[in-house]
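Me: I'd like to learn how to read a protein structure, one feature at a time. Can you walk me through this one?

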Amino acid sequence: MPQANESASIYYSQPLINALKRNICQKIEDETNLEVLSEISHILTKDSSKSSFEERFRQAKEFAYSHFDLEYAQELEAHNFYIDEPCPLPIIHTQQDMDALIAVCESGEDEEVSHEEVMKMVSAWRSVK
């Protein structure tokens with residue numbers, strides 16, 4: 001800890017903060033005890049009103065495997081079902097990229113699912129409480 005005559009800003013310099021983060025990351029990476037990992041997750045959760053990560057993961061897994069094909073559900077699971085993360089979107093750098101994306105969407109040329117399949121997914125999402 002800093003001595004009485006040292007300011008906290010000197011003691012907690014950016015290099016020390018970075019080193020502390022790396023140290024914590026390494027300890028977490030090496031940790032195998034589920035209870036310890038769960039507690040760390042709980043400590044680092046910014047919104048305490050949310051259910052636990054484990055519960056949200058369980059719900060997302062149940063939903064994905066019951067509503068999507070196996071390959072897609074496994075792909076989602078490999079990304080932790082994007083819990084607390086935005087789903088990836090196409091990278092748009094310019095107005096031309098945006099125009100091209102809109103054109104493809106409106107043309108139906110790149111249609112991977114039917115309207116009925118989309119409505120089935122929307123209905124399933126709405127039924128989840």
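Me: Which residues lie nearest the centre of the second largest pocket, and how many residues line that pocket?

Reply: Before that, a word on the source: this is a predicted model, where local features need pLDDT of at least 70, side-chain atom pairs count only at pLDDT 80 or more, and totals for chains, interfaces and linings use all residues. Residues are numbered from 1 along each chain as its sequence is written, and side-chain values use heavy atoms, with hydrogens and water left out. Now the general idea: rolling a probe the size of a water molecule over the atoms shows where empty space is left. On a 1 Å grid over the protein atoms alone, a pocket is an open set of points where a 1.4 Å probe fits, with protein on both sides within 12 Å along at least five of seven lines; lining residues have an atom within 4 Å of a point. Here, 18 residues line the second largest pocket, and Leu37, Ile40, Ser41, Thr45 and Phe53 lie nearest its centre.

Me: What is the volume of that pocket, and which helix gives the largest share of its lining?

Reply: A volume is the space filled by probe spheres set on the grid points, which are joined across faces, edges and corners. For this pocket that comes to about 460 Å³. Helices are DSSP runs (H or I, at least four residues), strands are too (E, at least two), and both are numbered from the N terminus. α3 (34–44) gives the largest share of the lining, six residues, and α3 and α4 (53–67) each supply at least two.

Me: How do the lining residues divide into nonpolar, polar and charged?

Reply: Ala, Val, Leu, Ile, Met, Phe, Trp, Tyr, Cys and Pro count as nonpolar, Asp, Glu, Lys and Arg as charged, and the others, Gly among them, as polar. This lining has seven nonpolar, four polar and seven charged residues.

Me: Let's zoom out. How many helices and strands does the protein have?

Reply: You'll find seven helices and zero strands, so the pattern along the sequence reads α-α-α-α-α-α-α.

Me: What share of the residues counts as buried, and which ones form the largest nonpolar core?

Reply: Buried means under 20% relative accessible area, exposed over 50%, and partly exposed in between (1.4 Å probe, protein chains only). Of the 129 residues, 9% count as buried. In soluble globular proteins, nonpolar side chains tend to be buried together. A nonpolar core is a set of buried Ala, Val, Leu, Ile, Met, Phe, Trp, Tyr and Cys residues joined through side-chain atoms within 4.5 Å. The largest one has eleven residues, among them Phe57, Ala64, Leu76, Phe81 and Tyr82. α4 gives the most to this core, with four residues.

Me: Which residues does Ala64 touch?

Reply: Contact means heavy atoms within 4.5 Å. Leaving out residues up to four places away in sequence, Ala64 touches Ala73, Leu76 and Phe81.

Me: Where does Phe81 lie, and why does Phe81 count as buried?

Reply: Phe81 is in the loop between α5 and α6 (95–107), and counts as buried because its relative accessibility is 12%. Its phi is near 55°, a positive value in a residue other than glycine. Tyr82 is found in that loop between α5 and α6 too, and has a phi near 55°. At 15% relative accessibility, Tyr82 counts as buried.

Me: Is Lys120 buried or exposed?

Reply: Lys120, in helix α7 (residues 115–127), counts as exposed because its relative accessibility is 64%.
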